[in-house]
Amino acid sequence: DDDDDDDDYASLGNNAVVTDYEGLIQRLLVPFLDAVNGVGGEVQEQGAYVAQVLGAQREMLVQVARMPQPSEDDFMEMLQSTNHALALVDQCNEEASVLRKHTAMVAGAMTAFGWVTSPDPRQYIGDMLNAVPVYGRQILNDFAGEHHQGLVESLKLLLRGLQEYVTAHHGHGLSWNGRTTTPATSVEEGGPPRAGGAKPHNPLAFTSDREAKLDFSVMFASYEQFMAQKVVPFIQAAYALQVEELQVQADYVQKALKAQYDFMRIVAACKRPTDHVLALLLQETSEALIEIEERSNKDSLHRHHLTLVASGMPCLAWVSVPMNPSSYISDMINSIPVFGDKILREFGKAEDGALHASFVLLFRNMLRGLNEYVRTFHAKGVSWNMDGMDYMQWAAAYNQGHSVDNQSESVDHSHVDD
């Protein structure tokens with residue numbers, strides 16, 4: 001059979017599109033599987049499905065190497081095996097309990113294998129890769145041992161290896177039969193296909209950054225509204241307790257959210273900048289989050305208040321979580337009730353018990369307000385303004401006092417160098 005002969009040709013060392021992917025599996029999947037087997041439990045089961053993902057994608061790449069670009073329907077049929085394996089990876093995460101952070105990290109990283117529907121697959125994988133350290137830090141804080149560290153490191157290496165492979169062979173989309181093209185590109189929309197009837201969070205059902213037709217002025221105004229209606233009441237509740245260490249931590253909470261507010265202004269006005277510039281733009285938020293964590297004094301009389309805030313505020317890292325940042329924030333919200341309950345048991349019957357109850361309630365409401373904002377405007381990752389300005393041009397105009405976004409504040413962005 002001619003098709004079988006072509007498969008053999010592609011898989012027996014004559015086509016680098018396939019052989020380099022096979023090399024990636026041999027070099028980087030095996031250490032990852034060793035790590036998940038060392039961690040065991042829910043992660044070990046999930047690791048087996050990760051292997052299925054890579055195996056299914058390898059079989060698809062065999063077809064890519066030997067055939068011209070297919071129709072959209074045929075292409076979506078080619079993705080079915082990979083989609084099925086990815087769904088099993090997600091199911092393991094949904095059913096996990098003890099190792100939920102591990103499974104969430106792996107499930108998020110596996111969306112990188114949706115690169116086959118992206119016109120810029122290197123950047124697409126890079127966005128997934130940037131999210132791994134967010135979960136990794138939490139895992140290493142909660143779990144000691146070389147297997148946990150090995151899981152985080154081997155997962156990062158696996159995605160980096162995938163990114164290098166894609167850069168070498170599919171820089172502008174899948175390379176069908178020696179031609180670099182984007183699969184089943186729509187002439188009208190200029191973008192990759194969207195699978196009809198696909199589940200909303202199917203990582204291989206590509207959604208354009210502009211598909212939602214966002215009104216970016218409304219998006220930014222909604223963050224302002226969140227700040228006024230959810231953040232300010234919590235800061236007031238923290239100050240009402242008249243405890244200096246809680247007030248100091250609240251100041252850093254306000255600083256972190258103000259930094260994200262400034263970042264959202266840039267998101268609404270600009271195209272996505274380079275990874276280097278993006279890291280610099282997020283630095284102020286990261287530094288404030290570190291300060292919040294360092295205020296969590298286990299010897300303090302109000303240690304549960306401090307820990308409540310320190311456990312919930314990492315939700316601001318949602319900006320580095322691709323595909324489903326709302327789920328990441330939900331995980332943070334679900335981690336805090338235990339500390340809130342301890343506060344209420346210890347202080348609920350005190351003379352100022354109502355103030356402590358308000359502190360707990362308003363902090364939770366603040367995180368839920370953030371989650372609602374993210375779910376509305378950034379459901380599949382940060383929604384940059386693809387029709388907006390280049391960041392460096394915007395920053396120069398902003399710092400000269402031009403009314404770029406109809407705001408009057410003067411924020412110095414000149415320290416960011418592209």
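What follows is a short exchange about labels and the values behind them.

Modeller: This is a predicted model, where local features need pLDDT of at least 70, side-chain atom pairs count only at pLDDT 80 or more, and totals for chains, interfaces and linings use all residues. Residues are numbered from 1 along each chain as its sequence is written, and side-chain values use heavy atoms, with hydrogens and water left out.

Biologist: Why is C92 called buried?

Modeller: Buried means under 20% relative accessible area, exposed over 50%, and partly exposed in between (1.4 Å probe, protein chains only). C92 has 7% relative accessibility, so C92 counts as buried. C315 is at 0%, so C315 counts as buried too.

Biologist: How many disulfides does the structure hold?

Modeller: The structure holds zero disulfides. The rule asks for a pair of cysteine sulfur atoms within 2.5 Å.

Biologist: What makes D142 and K101 a salt bridge?

Modeller: The term needs a side-chain nitrogen of Lys or Arg within 4 Å of a carboxyl oxygen of Asp or Glu. For D142 and K101 the N to O distance is 2.6 Å, so the pair qualifies. This pair links distant parts of the chain: D142 lies in helix α7 (residues 121-142), K101 in helix α6 (residues 100-110), and they are 41 residues apart. Helices are DSSP runs (H or I, at least four residues), numbered from the N terminus.

Biologist: Why are D142 and K101 called partly exposed?

Modeller: D142 has a relative accessible area of 46%, so D142 is partly exposed. K101 is at 30%, so K101 is partly exposed as well.

Biologist: How many salt bridges are there by this rule?

Modeller: The count comes to nine. Among them is R272 with D275, at 3.1 Å, N to O. R272 is partly exposed because its relative accessibility is 22%. D275 is partly exposed because its value is 38%.

Biologist: What is the N to O distance between E291 and R295?

Modeller: It is 2.9 Å, and their side chains meet in a salt bridge. Elsewhere, salt bridges that share partners join E22, R58 and E59 into one network.

Biologist: Why does A237 count as buried?

Modeller: A237 has 7% relative accessibility, so A237 counts as buried. A237 sits in helix α9 (residues 216-240).

Biologist: Which residues is A237 in contact with, leaving aside its neighbours within four places in sequence?

Modeller: They are S358, F359 and L362. Contact means heavy atoms within 4.5 Å.

Note on methods
Helix = DSSP H or I, 4+ residues; strand = E, 2+ residues; numbered from the N terminus.
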